[in-house]
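Dear colleague,

I am passing the structure below on to you, and after it you will find my notes on what came out of the analysis. Please read them side by side with the coordinates.

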Amino acid sequence: MLYREALNRAIDEAMEKDESVVILGEDVGRYGGSYRVSEGLISKYGEKRVIDTPIAELSIVGNAIGMAIGGLRPIAEIMTENFSLLAFDQIINHASKLRYMSGGKITLPLTIRMAGGVSRQLAAQHSENYETMLSSVPGLYVLCASNATYAYHALKWAIFSNDPVIFLEHELLYPVDMEFREVKDFNPFKAEIVKEGKDLTIVTYFKMRYDVIEAEKELAKAGIDAEIIDLNSLRPIDIETIAKSIKKTKKCVIVEEDHKTGGMGAEIAAQIMENCFYDLDAPILRIAGEDVPIPYNRKLELASIPTPDKIVTKILKWKAENGI
Amino acid sequence: MKASEVKTFYYLMKLGRRFEEAAKEEYMKGNIAGFLHLDIGQEAVSVGTMQAFDKGDVFTHYREHVLAIARGMDPKVIMAELFGKKTGISKGKGGSMHLFEPNLSFYGGDAIVGGQFPMAVGCAYARKLEGENAGVFAIGGDGATNGGAFFESINLAAAWKLPIIFFIENNYYAIGTRIGWVSPFEELYNKAKNYMPSVRINGMDVFEVYNEVMKAKEYIENGLGPYFIEAETYRFEGHSMSDNGKYRSEEEMEIFKRRDPIENLKNKALKLGIVEKEFFDETDKKIEKEIAEAVEFAANSPEPEIEELHTDVYCKECENVVS
Ligand SMILES: Cc1ncc(C[n+]2csc(CCOP(=O)(O)OP(=O)(O)O)c2C)c(N)n1
């Protein structure tokens, strides 16, 4: 199943099941969604539930908050993550805090979906990862869909959750055909062990999952048996799964696409230090995007983010340096 | 309608059109990537505005190749930027949506819809403080008039009586959303008329665009405050290369194609006998050569060195402090 089809199916089934579910955003209706995620929904559920909005992200999110207060279950779509910055005030000052500020009286069944990540040569204003900023905000759940199975189940969970959920989708994954499984007792916060191994733990998420899987093949040739963990949820982080793995492998590498400084990797590393310092045999290695805006030129763009090659090289160098 | 004006307008519009057609071709061949927003159909706006507004500062959005050309940017360095080359106007770091040249007072290519307006207002403030009255020209699409940045900008520009022209290219569509679906009216000059003089013009007629901007320019130069122009126009292509534009009807496309600003200017000038046919033929030939040279220049230029990844994040002096 295509990644975007999994998302479409989750929304479709949620809308079918519950009339209070609505979707709003730029081009989500008549156009079918800029990444075709909402394709076909308007003909099924009509303009009143599949709502085309102006290019006004602050309003999209703010209106969705109001809709939630008013009794609906809105799914707000932000065309790409960069534009979510225009809505950060509504997301952070309002969505994340209303429940707390009202002493628990206000409930916000709100899902904010956004397309993000470094795609292909879209340059600095269309290529960002803001999961770190969003994950630092109490009151929000932040989910990061890297595959069709998780995308489908997690999005459905998010829509019926009574708290605001930030739901991140990677632009490069929309057209990818993926394996799909129905999962019973789905837990959106549980990390997935993509591959078991005994020599080192690689913690990753989002599109980097695939770069790590590629890299792992090379590492295997070098005799390294790596365990790969895809986090899925960034707030909260499933530190339990990570800790269990590190207990076994004693070594940890974190791979993320976002800029290194203050990135998710920094948070994950800090949690590892708090939870499993004595299990580690080597310093944690962080492989992340460079601290630069994303350039247009393809060569520079690839140099700005981790790639399978770079992941392999950095891990081998780190191993040698640390005598492991 | 003076012969010299017809000649200049025709040359620039046709140069812009051929540039875009060549860019489209190179995109298909894989030499250009990312988002490529073509201006085909809207050349009268790009050329008319930049010819009239020849001194002050220009702030624009991502559909800006022809604006940049009409502003005086060399098609070669624009094409090289589209190719992601070192010789491009932004060293290949910006791409199609990010063309900037302070020497031409061109603060172009902002890819955040509406993001250019507040900056344009700030620049107008700075210029006014310096005692400059050439003013600022801020251009954007119809879709940009629904965002907070737009409303905040017209409000402040009017409150502070700043020398700024707001210019909206109303091509009716923001990607696949028709303006009338998400705005209470399609005639967008209504949005500014309580704040400043606000007019709607035919954006398919380069002379009308030129004359209206001349009028607006005189108004802001006299220190009377901001001015708003809405130009009705149409993009003949999709929003970008990844959009097939299917949401528009054939009939609508036909109506606007009949209003092609380049063909109409040529035919009118010929009919009135202002400019001879030879001029158009020779100009077309000259443009073919220029565009071929631009593509060749871009194709043969080197890529940026890998070291460029880390330059231009901070200015040189600051880099020393940081490292
Ligand atoms: C803040 C923001 N939201 C969404 C987008 C995605 N987007 C890019 S162009 C565009 C349509 C803009 O239409 P309009 O302003 O009419 O200009 P045109 O493309 O017609 O020149 C949209 C929605 C963006 N770039 N910035």
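A:Asp279 counts as buried, its relative accessibility being 17%, whereas A:Lys247, with a relative accessible area of 52%, is exposed. The side chains of these two residues, A:Asp279 and A:Lys247, meet in a salt bridge with an N to O distance of 3.8 Å. This pair links distant parts of the chain, 32 residues apart, since A:Asp279 sits in the loop between helix H11 (264-276) and strand S12 (285-289) of chain A, and A:Lys247 in helix H10 (residues 239-249) of chain A. Please bear in mind throughout that this is a predicted model.

A second salt bridge in chain A joins the side chains of A:Lys156 and A:Glu13 at 2.6 Å, N to O. A:Lys156 belongs to helix H8 (residues 148-160) and A:Glu13 to helix H1 (residues 3-17) of chain A, so this pair ties together parts that are 143 residues apart in sequence. Here A:Lys156 is partly exposed at 21% relative accessible area, and A:Glu13 is partly exposed at 26%.

In chain B, the side chains of B:Lys86 and B:Glu305 form a salt bridge at 2.8 Å, N to O. B:Lys86 is in the loop between H4 and strand S2 (100-101) of chain B, and B:Glu305 is in the loop between helix H11 (277-300) and helix H12 (316-322) of chain B, so the pair ties together parts 219 residues apart in sequence. Over all chains the count comes to 50 salt bridges, and a network of them links A:Lys195, A:Lys198, A:Asp199, A:Glu216 and A:Asp225.

Between chain B and chain A, by contrast, the count is zero salt bridges, although twelve residue pairs are found in polar contact across this interface, both residues being at pLDDT 80 or more. Helix H4 (75-82), strand S3 (106-110) and helix H7 (179-182) of chain B each supply at least two residues of the side that touches chain A, and by class that side has 18 nonpolar, 13 polar and seven charged residues. In total, 38 residues of chain B are in contact with 29 residues of chain A, and the two chains bury about 2,700 Å² between them, with 67% of it on carbon and sulfur atoms.

As for the fold of chain A, its secondary structure comes to 13 helices and twelve strands. Its radius of gyration is 20 Å, close to the 20 Å given by the globule rule for 324 residues, so chain A is as compact as a globular protein of that length.

Terms used:
Residues numbered from 1 in each chain as written. Chains lettered and ligands numbered in written order. Predicted model: local features only at pLDDT ≥ 70, side-chain atom pairs only at ≥ 80, totals over all residues. Heavy atoms only, no water. Contact = heavy atoms within 4.5 Å. Buried area = accessible area lost by both parts, 1.4 Å probe. Salt bridge = Lys/Arg side-chain N within 4 Å of Asp/Glu carboxyl O. Polar contact = N/O pair within 3.5 Å; in protein donor to acceptor, adjacent residues only side chain to side chain. Helix = DSSP H or I, 4+ residues; strand = E, 2+ residues; numbered from the N terminus. Nonpolar A, V, L, I, M, F, W, Y, C, P; charged D, E, K, R; others polar. Rg over C-alpha atoms; globule rule 2.2 N^0.38 Å. Buried < 20%, exposed > 50% of the residue type's maximum accessible area, 1.4 Å probe, protein only.
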